[in-house]
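Open your viewer and get ready to click through a few stops. At each one, select what is named, then look for what is described.

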Amino acid sequence: MEFAQKETRFAENRLTLLQWGVVAVFLFLASGFWRLQILQSNYYTRLAERNHIKQLPIPAPRGRILDRHARVLVDNSPSFSILAQWGEKKKLQEHLPALAEGLGIDLAELQQQVEKFKRRAPYQPIVIRENAAWRQVAFLESHRSEFPELDLVVAQRRLYPSQGFAAHLLGYVGEVSESDLDLPELALSQPGDLVGKAGIERQYNAVVQGEDGVRRVVVDSRGLDVAVLDEKPPRPGRDLRLTIDEDLQQVAEEGFREEVGAVVALDPRTGEVLALLSRPTFDPNLFTTGISRENWSKLTTDQDNPLLNRSIQAQLAPGSVHKILLGTAALEAGTADANTTYYCPGGAVFYGRYFQCWIKHGHGRVNLHQAIVQSCDVFFYNLGKTLGIERMAEYSVRLGLGQKTGIDLPNEESGTVPSPAWKERVFRQKWYPGETISVSIGQGALTVTPLQLAYSIGGIASEGFFARPHLVFSEEVKAAGRKVAAPAAVRVSLQEETVAMISDALYGVVNEGGTGGRARIPGLDVGGKTGTAQVASVQMVRSAKGATHLRDNGWFVGLAPRRNPEIVVAVLYQGGEHGALAAPLARDIIKTYFDKKKEVQPHLAQTPESNQQATVGPVPADSGG
Amino acid sequence: MGKNISLRDFDWLLLGILLVVATLGIVQIYSATEGTRFAGAHLRQIYWVLMGLALAFFVSLYDYRSLLNYAPWLYLAVLILLVATLVTGAEISGARRWLRIGGINFQISEVTKLAIILLLARFFSGPQEGKLSWADLGKVAVAVGLPAVLIAWQPDLGTALTLVPMVLVMLFVAGLKLRYFALMLLVGMVSLPIAWQHLKPYQKERIGTFLEPEQDPQRAGYQVLQSKIAVGSGQLWGKGTAQGTQTQLRFLPVPHTDFIFAAYAEEHGFFGVLLGLLLYFAAAIRLVQNAQMAPDAAGMFLIAGIAGVWMFQVFVNVGMVVGYLPVTGIPLPLMSYGGSSAMVAFLAVGLVNSVRVRRFVN
């Protein structure tokens, strides 16, 4: 077939149009790239990064907690955390049943854990398990390819002393709760973070917490790690040195066994807390692994409430220890002096009611010194009556009761200083004059915490210098860039005669055949005051109505030397049969303090870092000479 | 036959442009397959390009007019091969697209385009002289429809569909009145719902995904999304050869074949894309110019058809990469890895030059 040599001019227009069509097509395509690569390039760059960059936290170790001689109280030990990538939630949800089986975790519990991360912190890893058991780690390692969305991260697990040693003061860490995330001081925390939940761990969380680092890992489309992109190293938390002396704490811990109560030892010259314990205790290590429901309910339903820090939270009637405060108040107010005497026949009638003394046959005629040494109730009934409840309350508050001492521990209680105004406000009831008589010997509605008693009596013996109790040296707080809670001390003006008389009386209680004779240490200028109280608090009485276990509380507050003491120890035993143990325990602590002072040079010569125990426990009785 | 023709008249510019495109493709194939099970694909692509070059020169020496004589026979042969593909072809992921001859897999559908172009070039340069009747249109429809149905049957709807615009371009150049195009558009719209009934599930899914990409980000929508991420994150300058995270970490699907331009855009950025698009644009314009210079109508139609196929493939593939068009399995000419596609492209270059070198003859 021959092809005619046709003119192609007929198609000229159409071909020109076709060229314009070509231009249109390429402009159209170029516009697509303009849109994606220029206008929306940041958006797609972010998506690309999210695709292939996985962020793994490098948990910062929390600072250790040390005693005053830099001996380690709370340490860290490495453990594994199991994390899931936020971007792989879908995959994770599908894998949950298999994962629950492999890890040996209840599926519902696992789902609940993942659920917690729904609301907050997009693109942060989901914490599946803190402190994974070796079996769980092994499972994950051997099933890597089945769960590409999961990662194992080495974290530092908190290691607390065993047997609940100093548990209440140290506190514990746990996963930050939803509600805590709203607190300003925890604003930077993410769900799954471990934060201090109680005690020092909570109070100084910001100091010991540190800042987690981040490792950015490149992953491929299957979610498998390809390379480490970069790494921001973690900033470890600061070690925190406490004012606590491990030796004194040890003596207190060993002296207190299964009983219920509390011990506070502090240095009234500075307010440094040397020992602080509450019983019964608990094991803070239970919390670091995520406390099981079973253990938690055991702790919270125990009627002795092991989680209560009795040294700052038990609000109990001080009993006769209050006589020190009332005596001081009466001397200061001028309603009594060295020559004031009352006759004690073993009881007396006030406002139509008979109030008996603790000794039925009476103390006879006694002055203030004798009344304190013998703890004569009738003398103080009279003292209280002449002073009056208004002034008694005023002085109690001035001497540190009815308000928080301001110790650097969370949830301190303030106790109650009753007065007509207080009763009217709280109960809308009139004050009965007879109540004044009860309050005079530290009963009735008057309640204090063990810390308050040590603080108050220490302040009186220190001539009105009330140093705020604290567990962390203010230099340590300042060095960590934190504000020191002000004020460091409160000065209450007390007359010289008052302080002299009261401290002599305290000495007499221990050394002149008084009620505190068991606290005597030959060669040491020890003073103190015993107390026994029937009633805890109005609330406790109400809640314990009909309970047969409600028994007397035994108190002893000891100090040495009697003027400007270096150490004040308040001991509380809840449960009358142990009340007599209070004075000997205070004695052991005071004795250990002075024994250590004598051998302070050889002791400090040891490497301060070593966690070695110095000689502790009951010290030979007559080493004081 | 080759007495008065000279290689000096060969379209060196067009060839140069296409070789640059092929080189960009080879580099990108290397970048996208290094360290994967496709490693070494770039070497095979080099062989094919070299073979293609030889083929182009060889074909250009051959007079297209004698080829047009054989056009009906070629067409018939292609139809038979398409049927053979359907019957004996190697089944790969549910589709029979490859015919195995002498140990080599051929994609007959690629050659089909050229056979149809030849057939139509011969037909349009016939006696009707720019005035097409309804009967002519019907003949064209049957001529294109038969192989289109056979290809769609494989199933390879994308390739089947490329036949349609190719024919439309030729009809356009042949001077078909614009109202006829309007009518065809109408018929197409009406027949769409009927065609939908006969689509395979994955085809429906692809189109559904195109209309609503967010609906299923895990499957078909995933490809589109990852392609857009690759392109967008390339920004102005790109991430560098073999540095594209979407490409290298396998987020981008088939980065060496259908989505090669996304991989290219990621690693070379907007400027790289402009260069690439300009090359394709220049090639297309150059093709149309060659059509304008053709010594006869048949040659002009031949080149116009080739230009149509070229433009449409670039349009559909790159449009898919930027998310403008649904996902189809249409490769990007000369960049996507694939022997059949490369060979056919160079075969077309040969045909174009076969016309070109004879423009002063006679």
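Select helix α21 of chain A, residues 496-511. This helix lies across β19 and β20 of chain A. Its direction makes an angle of about 75° with β19(A). Keep in mind that you are looking at a predicted model.

**The sheet below your selection**

Now show β19(A) together with β20(A), residues 553-560. The two strands pair in the antiparallel sense, over seven bridges. For one opposite pair, pick A:Gly527 and find A:Leu559 in β20(A) across from it.

In what order do the strands lie? The order is β12-β11-β21-β20-β19 in chain A, an open sheet of five strands with antiparallel pairing. Which strands stand at the edges? They are β12 (272-279) and β19 (527-533) of chain A. Each has a single partner strand, so one side of each has no neighbour in the sheet. From one strand to the next, the twist averages 5°.

**Where the chains meet**

Turn to chain B and colour what touches chain A. Here 46 residues of chain B are in contact with 33 residues of chain A. On the chain B side, the elements giving two or more residues are α3 (64-69), α7 (157-173), α10 (220-233), α11 (245-248), α12 (260-292) and α13 (297-321). Which of them gives the most? That is α12(B), with twelve residues. Colour this side by class, and you get 28 nonpolar, 14 polar and four charged residues.

**Two crossing helices**

The crossing is right-handed. Show side chains where the helices meet. From α5(B), pick residues including B:Ile117, B:Leu120 and B:Phe124. From α13(B), pick residues including B:Phe301, B:Gly305 and B:Val309. By class, this contact holds eleven nonpolar, one polar and two charged residues.

Select B:Ile29, in helix α1 of chain B, residues 12-33. Is B:Ile29 buried or exposed? It counts as buried, because 27 C-beta neighbours lie inside 10 Å, and the cut-off for buried is 20 or more. Last, draw a distance from the C-alpha atom of B:Ile29 to that of B:Ala39. These residues are ten apart along the chain, and the separation is 8.9 Å.

Technical notes: Residues numbered from 1 in each chain as written. Chains lettered and ligands numbered in written order. Predicted model: local features only at pLDDT ≥ 70, side-chain atom pairs only at ≥ 80, totals over all residues. Contact = placed C-beta atoms within 7 Å. Helix = DSSP H or I, 4+ residues; strand = E, 2+ residues; numbered from the N terminus. Nonpolar A, V, L, I, M, F, W, Y, C, P; charged D, E, K, R; others polar. Left-handed = near helix turned anticlockwise from the far one by under 90°. Buried ≥ 20, exposed ≤ 12 C-beta atoms within 10 Å, placed from the backbone. Pairing = 2+ DSSP bridges. Axes fitted to C-alpha atoms, helices over the stretch in contact; angles between N-to-C directions.
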